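Q: I'd like a close look at one part of this model. Take me through it slowly, with the cut-offs spelled out.

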Amino acid sequence: MRKAAWLFLFLLLSGLASAQRAVSLRLSLPNPGPGLGLGLEAPLERNLAFRAFGDLFPGGPSVLLAGEVLFKPDLGQLDRDLRGIRPYFGGGLGAYFGGAGEVGLHLSFGAEFLLDPRTGFFVDGEYFHAFGGGRFGRAVIGANLR
């Protein structure tokens, strides 16, 4: 467990060092309760992005930290009328700290809608599955500011 936590921290910090591209403001519902969060996102390749975030759930209190790689193409590559719509899916590692800490897989599926080149909002479905057996899914809405 300790090695996995150090590996997760290393991956998170290395991603944060390159994440100079977008800041995310996040609101999540329902499990493990309403939450607020911040995230950083950096492009890796043309259709790949790295996202790291932390969500605070004050009802617990508990925290979810995760880092993931997303396949995030711009549909404007296929049709100019769809420019600015970016569906995505991907996953990575997550750590949930509420009572006993749990490390596990974090999966995301959603879409980002760009209002202009620097601002967009997103709707996201996320699933956390801990290696120890705990799991929960949730919906997230938020804004990306580049």
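Over the face of which ring does K72 lie, and at what distance from the ring centre? Please tell me about the surroundings of K72 too.

A: First, the ground rules: this is a predicted model, where local features need pLDDT of at least 70, side-chain atom pairs count only at pLDDT 80 or more, and totals for chains, interfaces and linings use all residues. Residues are numbered from 1 along each chain as its sequence is written, and side-chain values use heavy atoms, with hydrogens and water left out.

Now to your lysine. K72 lies over the face of Y88, 5.2 Å from the ring centre. A charge counts as sitting over a ring if NZ of Lys or CZ of Arg is within 6 Å of the ring centre and within 35 degrees of the ring normal. R26 is another case, lying over the face of F53 at 3.8 Å from the ring centre.

K72 is buried, with a relative accessible area of 1%. Buried means under 20% relative accessible area, exposed over 50%, and partly exposed in between, using a 1.4 Å probe and protein chains only.

What does the side chain of K72 make a polar contact with? That would be the side chain of E112, at 2.7 Å. A polar contact is a pair of N or O atoms within 3.5 Å; within protein, one must be able to donate a hydrogen and the other to accept it, and residues adjacent in sequence count only if both atoms are side-chain atoms.

Leaving aside neighbours within four places in sequence, K72 is in contact with E41, N47, A49, R86, P87, Y88, E112, N144 and R146. Contact here means heavy atoms within 4.5 Å.

Pick A49 from that list and follow it. A49 sits in strand 3 and is buried as well, with a relative accessible area of 5%. Not counting residues up to four places away in sequence, A49 touches E41, A42, P43, L44, E68, V69, L70 and K72. With L70, the C-alpha atoms are separated by 5.2 Å, though A49 and L70 are 21 residues apart along the chain.

How values were computed
Helices (H or I, at least four residues) and strands (E, at least two) are DSSP runs, numbered from the N terminus.
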